[in-house]
Amino acid sequence: MEKNKGSKSQEQIIYDRLFDVILEQKLQPGARLTEVPLAEIFGVSRTVVRRALLRLSHEGVVEIKPNVGASVIRTPVEEVSQYFEARRIIECALIRMVVGKLTSYQVETLKSMVREESRYFETSNRAKGLRKSTEFHFLIADLSGNHPLAEAARHLISRTSLIVAQYNLSGSGGCACVDHSALVDVIVNGTEDEAEALMDTHIRHIEDGLSLSKKELEPDLYSLFKAE
């Protein structure tokens, strides 16, 4: 019984750490996630690693192919605009739901996230800045109170974050802190139409920063996780 509990705990640890490094774009789309080195790195069985990878595949950030294995999911060029269009539709709807309806605590939480994001980028901690940027969008989705839409938004935000990693050659990371600050302001002081327009512009700005060419990278999993 204790072994099962331990396995579940290790599975969650592996899931969390892989999810973080993927969203922080330390693992690029197409990067292979091989069970044997991951099992050695985390000191667990391949079965535990496999369960964590399966959960990540359900989140839409990892792809598992029979007889090939797992890899960070890649998005074909022709599908990029479709994912961003879907994200715009859902996030624009969600932000309308929160305009003028947040508590002072919720507003301060959003502002605090923007400050943290800005501080990370100013100190060249791009990985944590990217993670905080993603969490900012997750939180707006959650604050809407519409759980099905928020869940769909999380999937699309995660997927478009991977698209940015795959096609943003400048390394800017997509979201701008100034945009996030403006989004908080319009949520508090603006109208639903103004908030929707700003969110639409913000997401289009991310998409416009992409360079739709392919990148092939093979990560050193040992170096990546041992360095943390």
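**Loops, helices and side-chain pairs in the predicted model**

Ser124 is placed in the loop between α5 (104-122) and α6. The model is a predicted one. Although Ser124 is not a glycine, its phi is positive, at about 65°. The relative accessibility of Ser124 is 68%, and the residue therefore counts as exposed, being over the 50% cut-off. A positive phi of about 65° is also found at Asn67, again not a glycine. Asn67 belongs to the loop between β2 (62-65) and β3 (69-72). With a relative accessibility of 86%, Asn67 is classed as exposed.

Helix α3 (residues 46-58) is made up of 13 residues. From its first C-alpha to its last, α3 reaches 18 Å, close to the 18 Å expected at 1.5 Å a residue. Val48, Val49, Ala52, Leu53 and Leu56 are the buried residues of this helix. Viewed down the axis of α3, these buried residues fall within an arc of 135°, so they line one face of the helix. In general, an α-helix has 3.6 residues a turn, so residues three or four places apart point the same way.

Salt bridges in the structure number 17. One of them joins the side chains of Glu11 and Arg55, with an N to O distance of 3.7 Å. Glu11 lies in helix α1 (residues 2-23) and Arg55 in helix α3, so that this pair, 44 residues apart, links distant parts of the chain. Glu11 has a relative accessibility of 11% and counts as buried because this is under 20%. Arg55, by contrast, is partly exposed, at a relative accessible area of 29%.

A further salt bridge is formed by Arg131 and Asp20, whose closest N and O atoms are 3.0 Å apart. Arg131 is part of helix α6 (residues 126-143) and Asp20 part of helix α1; the pair therefore ties together parts that are 111 residues apart in sequence. Arg131 is buried, at 17% relative accessibility, whereas Asp20 is partly exposed, at 27%. Both residues also belong to a network of salt bridges that links Asp20, Glu116, Arg131, Lys132 and Glu135.

Arg96 and Asp193 are likewise joined by a salt bridge, the closest N and O atoms lying 2.8 Å apart. At 23% relative accessibility, Arg96 is partly exposed, while Asp193 is exposed, with a relative accessible area of 53%.

Helix α4 also contains Glu91. The relative accessibility of Glu91 is 2%, and the residue therefore counts as buried, since the value is under 20%. Its side chain makes a polar contact of 2.5 Å with the side chain of Arg87. When neighbours within four places in sequence are left aside, the residues in contact with Glu91 are His137, Ile157, Met199 and Ile203.

The count of aromatic pairs comes to 1. This pair consists of Tyr15 and Phe19, which are stacked, with 5.8 Å centre to centre and 20° between the planes. The pair counts as stacked because planes under 30 degrees apart are assigned to that class. Tyr15 and Phe19 are 4 residues apart in helix α1, and therefore separated by about one helical turn. Tyr15 is buried, at 9% relative accessibility, and Phe19 is buried as well, with a relative accessible area of 10%.

Ser223 is located in helix α10 (residues 221-226). The relative accessible area of Ser223 is 42%, which makes this residue partly exposed. Ser223 and Ile41 are separated by 182 residues in sequence, with a C-alpha to C-alpha distance of 9.9 Å in space.

Definitions and conventions. Residues are numbered from 1 along each chain as its sequence is written. This is a predicted model: local features need pLDDT of at least 70, side-chain atom pairs count only at pLDDT 80 or more; totals for chains, interfaces and linings use all residues. Side-chain values use heavy atoms; hydrogens and water are left out. A salt bridge is a side-chain nitrogen of Lys or Arg within 4 Å of a carboxyl oxygen of Asp or Glu. Helices (H or I, at least four residues) and strands (E, at least two) are DSSP runs, numbered from the N terminus. Buried means under 20% relative accessible area, exposed over 50%, partly exposed in between (1.4 Å probe, protein chains only). A polar contact is a pair of N or O atoms within 3.5 Å; within protein, one must be able to donate a hydrogen and the other to accept it, and residues adjacent in sequence count only if both atoms are side-chain atoms. Contact means heavy atoms within 4.5 Å. The expected span of a helix is 1.5 Å times one less than its number of residues. The arc is that of the directions from the helix axis to the C-beta atoms. Rings of Phe, Tyr and Trp (its six-membered ring) pair if their centres lie within 6.5 Å; planes under 30 degrees apart count as stacked, over 60 as edge-to-face and the rest as tilted.
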